[in-house]
Amino acid sequence: MYYILWWRWWRDGTYTYYIIMCITHSVRRQYSVMVVLPTGMAVRTVASFDRSPSRVVRYRFAAAVCVALCALLALTTAAAAADLGSSSSGCAPKSCNAIDPNKLNVHLIAHTHDDVGWLKTVDQYYYGSNKAHAPYGVQYILDSVVSELLKNKNRKFVFVETAFLWRWWEEQDEWNRNSLKMLVHEGRLQLLHGGWVMSDEAVPHYSTLIDQMTLGLKFLNDTFGECARPRVAWQIDPFGHSSEVAAEFAEMGFDGLVLGRIDHEDIFLRKNQKTMEMVWRPDVNIGQGGELFTSVLYNLYVAPEGFCFDAFCNDDPILDNPKLHGYNVNAKCALIINELNNVLFLWKVENFANHVQRYASAFKTNNIMMTMGGDFSYSVASSWFRNMDKLIKHVNILKPDLNVLYSTPECYLSALQMSKNVTWPVKDSDDFFPYAHDEHSYWTGYFTSRSNLKYMICKANNLLQASTQEHVAVKQIGSILGGDLNEHVKLLAIAVAQSQHHDAITGTEKQHVSDDYALYLDEGIEETQKVLTAAYRKWFGKEFPEQQYCKLLNISECDVSENNSKFVITLYNPLSRPVTTPVRIPVKYADYKVTGPNGANVQYELVFLPGQIFRLGGRTSNATHELVFIASEVSPLGLVNYHVERINEPEPPPRPTPHNSTEEVTIENGVYNNNNVK
């Protein structure tokens, strides 16, 4: 069998629409092409090359999809109500270490920022391979953190990237799983954000952002229960922040949002005016439900200078045994100067207290967050926790006006709620774009970089939406995320979700990492063939041929349309309104007959392929033209057939001569006339 998947896209109002095609070749040399309008995908193969109308099939299929979607909505609503009912009995409050209203409370946020691909691929980062690019392994981070948290109930840690947590969870035995569940339920390991990745906020389509959040949150809910649901969104590394994403977080029910990167002039002003925390109203039309308390971190998301206790850091640990050489906890002199006149912050308590005062000067209350971590920190978690234990102990003894404690963003927000006589500034209908980290360093190139990957992600998301819809139609009722077919849909859902990472769709990753994202997307697309095959065999019989894709249409190549004289194009419209759209397919030059669903002939045109196509390396196609026709008024959730037949193959005409730019040209439209255009 030979098949084709073909993509084009348009923008209509606020919607982006895609066309997808699939051509099937049966053993009896009868063919079917599938085209999916705006956002969906479907295939229908006929037992013979007939021209019978597809009105009955169209409406039966549409009705089935409607029934399935309504049933799914009903079950989803019932499940949500059940969850609400179960949670109404009350989740146990997360344990928070005590704050002191009469002191400056320093909330230490132990965290690791683990990119789901950047210098290494997502799996290289997880396993710790390819050490030439980076030595880190997230599996060791989670192993180490869980082990250290179990040693001391006062310790706390936060984790964000569900893509890594899922990988780790899949490999654990029952004891490790139960240990993690206990830490999560007690609030000692707090899950933040909840999405599959920490997504970019400028490039992704809103639907992919919602889907990747849904995928991650569902895994957390299925694994740890409703009481483990993250309450704080943690967007500390994306390169600017959009009001659209903030509005989504607000409507998802998050209590707060923590940001890391904002423009250097903006954060300078906010530090001086004590407006690092605010009530963000990304869309004032939403009302109070669209408000989101937002906090900007003082020092991006890394530990203050001199207090990085990671195995890969150069800062000294805390040496607190006065009987041994190198004691550095405290002294009357807070710093020394070496022979090169470089200042060395040696005495840990005094140095830390200085950092605290700088942080506190930018915030309104007697509570501040201080991140203790960084990129892929805590590979050796004991080096962090042992030193933070000592830091908390000695600072609280030697600095009676300070209360240093292990905390989490959720505990920090709870502490802010206890603050009195505080008025928060309001940010209305605005965003944090563009982001610049200094005067001449604007992070805007990623809006368009690696455009091929951006386009492939859009196409994959298009197919994901269609496959999900087809899956619902097959199951009639039930959860989209259940059943055998779900595994095939889930592979693409994971691939699309991880490609929303702020170092993926942005194009800021290494080339081999970009290639890996594309490979995951391709593998996910391949798996959805089984979903489509199951969907159409259910509706059109078990003899319906297995669906496969031709993936070389970006170079106008498809074996079926080029080398077979008859094939059928089946268009599926997954929208709730009729769609009229052009259909394009690569062919050899010939006379063709195109017949519509009502048996009438359809006008078409043969369009020369651009000359550059023929010079592409690796292209083996003999297609010289695209066959183009208009598919009119495809019904909502409808299927229609277009039959294509090659009549004869006359000699092809010569290719048009390229225009000489030095010649005079006249452009006119019957009203205006513009001469001498060059």
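## Asp430 and its partner

Asp430 counts as partly exposed in this predicted model, because its relative accessibility is 36%. Its side chain meets that of Lys427 in a salt bridge, with 3.4 Å from N to O. Lys427 has a relative accessibility of 10%, so this residue counts as buried.

## Other salt bridges

A search of the whole structure turns up 21 salt bridges. One of them links Arg155 and Asp389, whose closest N and O atoms are 2.5 Å apart. Arg155 sits in the loop between α3 (138-149) and β5 (157-159), while Asp389 belongs to helix α10 (residues 381-398), so this pair ties together parts that are 234 residues apart in sequence. Where do the two stand on burial? Arg155 is buried, at 6% relative accessibility, and Asp389 is partly exposed, at 23%.

Arg646 and Glu649 also join their side chains in a salt bridge, at 3.4 Å from N to O. Arg646 is buried at 12% relative accessibility, whereas Glu649 is partly exposed with a relative accessible area of 49%.

In β4 (residues 104-113), 10 of the 10 residues are buried, so the strand is largely enclosed by the rest of the structure. Which residues cover its two faces? On one side are Leu104, Val106, Leu108, Ala110 and Thr112, and on the other Asn105, His107, Ile109, His111 and His113, all of them buried.

β4 pairs with two strands named here. With β14 (residues 402-407) the pairing is parallel and spans 6 bridges; there, Leu108 has Tyr406 as its bridge partner. With β13 (residues 367-375), β4 also runs parallel, joined by 9 bridges, and Asn105 stands opposite Asn367 in that strand.

## Helix α4

Helix α4 (residues 162-170) is mostly covered, with 8 of its 9 residues buried.

## His355 in helix α9

Another residue to look up is His355, placed in helix α9 (residues 348-360). Is this histidine buried or exposed? His355 counts as buried, because its relative accessibility is 7%. Setting aside neighbours within four places in sequence, His355 is in contact with Pro304, Glu305, Phe307 and Met370.

Definitions and conventions:
Residues numbered from 1 in each chain as written. Predicted model: local features only at pLDDT ≥ 70, side-chain atom pairs only at ≥ 80, totals over all residues. Heavy atoms only, no water. Helix = DSSP H or I, 4+ residues; strand = E, 2+ residues; numbered from the N terminus. Buried < 20%, exposed > 50% of the residue type's maximum accessible area, 1.4 Å probe, protein only. Contact = heavy atoms within 4.5 Å. Pairing = 2+ DSSP bridges. Salt bridge = Lys/Arg side-chain N within 4 Å of Asp/Glu carboxyl O.
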